[in-house]
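Some questions and answers follow for a reader new to this structure.

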Amino acid sequence: MTISTGCVLKFTDYKLERACFERNPNYEKIEGMIPLDLSLNREMKSISENSFSLSISVDVFEKPRENNYPFSVGVTVSGFFQVDDSVGLDLKNKLIETNAAAILFPYVRSIISQITLMANTDSTLILPPVNFVEMLRSEETKKTSE
């Protein structure tokens with residue numbers, strides 16, 4: 001019996017597409033932790049039959065002045081991937097929606113941490129990991145209940 005150890009999804013590159021930081025000069029410090037206000041969006045683009053890009057956009061603390069957040073930060077990172085020829089359409093879609101996003105998200109987390117570190121905020125923002133399998137399940141459940 002031969003076991004293939006080759007990976008059917010290959011991460012080839014990534015690019016930082018957008019990085020925004022805005023400090024709120026009117027921020028009034030509050031006691032305790034600020035609840036995390038985060039939006040996350042994914043967008044897949046087919047490049048060829050076996051190549052695609054996935055963009056992940058994360059915005060944290062949107063509208064800082066209106067919501068008394070110390071700052072807002074936003075990042076968009078595009079990752080470039082190749083899928084093995086032998087992969088069927090269903091598995092390809094699953095790889096894109098979950099595995100590719102899980103591979104790319106640590107880059108987003110790192111960039112946001114670096115931006116908040118370099119901006120000399122009160123504390124570096126470290127985003128929690130995201131379970132993309134659970135997120136996909138939740139999105140599917142939401143679509144079927146609408």
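A strand here is a DSSP run of type E with at least two residues, numbered from the N terminus. Serine 55 lies in one of these, strand β3. The model is a predicted one.

Q: What makes the elements of the protein run in the order they do, and how many helices and strands are there?
A: From the N terminus on, the order is β-β-β-α-β-α-α. That comes to 3 helices and 4 strands.

Q: Why is serine 55 called buried?
A: Buried means under 20% relative accessible area. Serine 55 has 15% relative accessibility, so it counts as buried. Of the 146 residues of the protein, 34% count as buried.

Q: How do you know that strands β2 and β3 pair?
A: Pairing requires at least two bridges found by DSSP. Strand β2 (residues 38-46) and strand β3 (residues 51-60) are joined by 9 bridges, so they pair. The two strands run antiparallel, and they form a hairpin with 4 residues between them. Arginine 42 has isoleucine 56 of β3 as its bridge partner.

Q: What makes the link between the side chains of serine 55 and serine 78 a polar contact?
A: The N or O atoms of a polar contact must be within 3.5 Å. The side chains of serine 55 and serine 78 are joined at 2.7 Å, so the distance meets that cut-off.

Q: Which residues is serine 55 in contact with, leaving aside its neighbours within four places in sequence?
A: They are Asn41, Arg42, Glu43, Thr76, Val77 and Ser78. Contact means heavy atoms within 4.5 Å.

How values were computed
Residues numbered from 1 in each chain as written. Predicted model: local features only at pLDDT ≥ 70, side-chain atom pairs only at ≥ 80, totals over all residues. Heavy atoms only, no water. Buried < 20%, exposed > 50% of the residue type's maximum accessible area, 1.4 Å probe, protein only. Polar contact = N/O pair within 3.5 Å; in protein donor to acceptor, adjacent residues only side chain to side chain.
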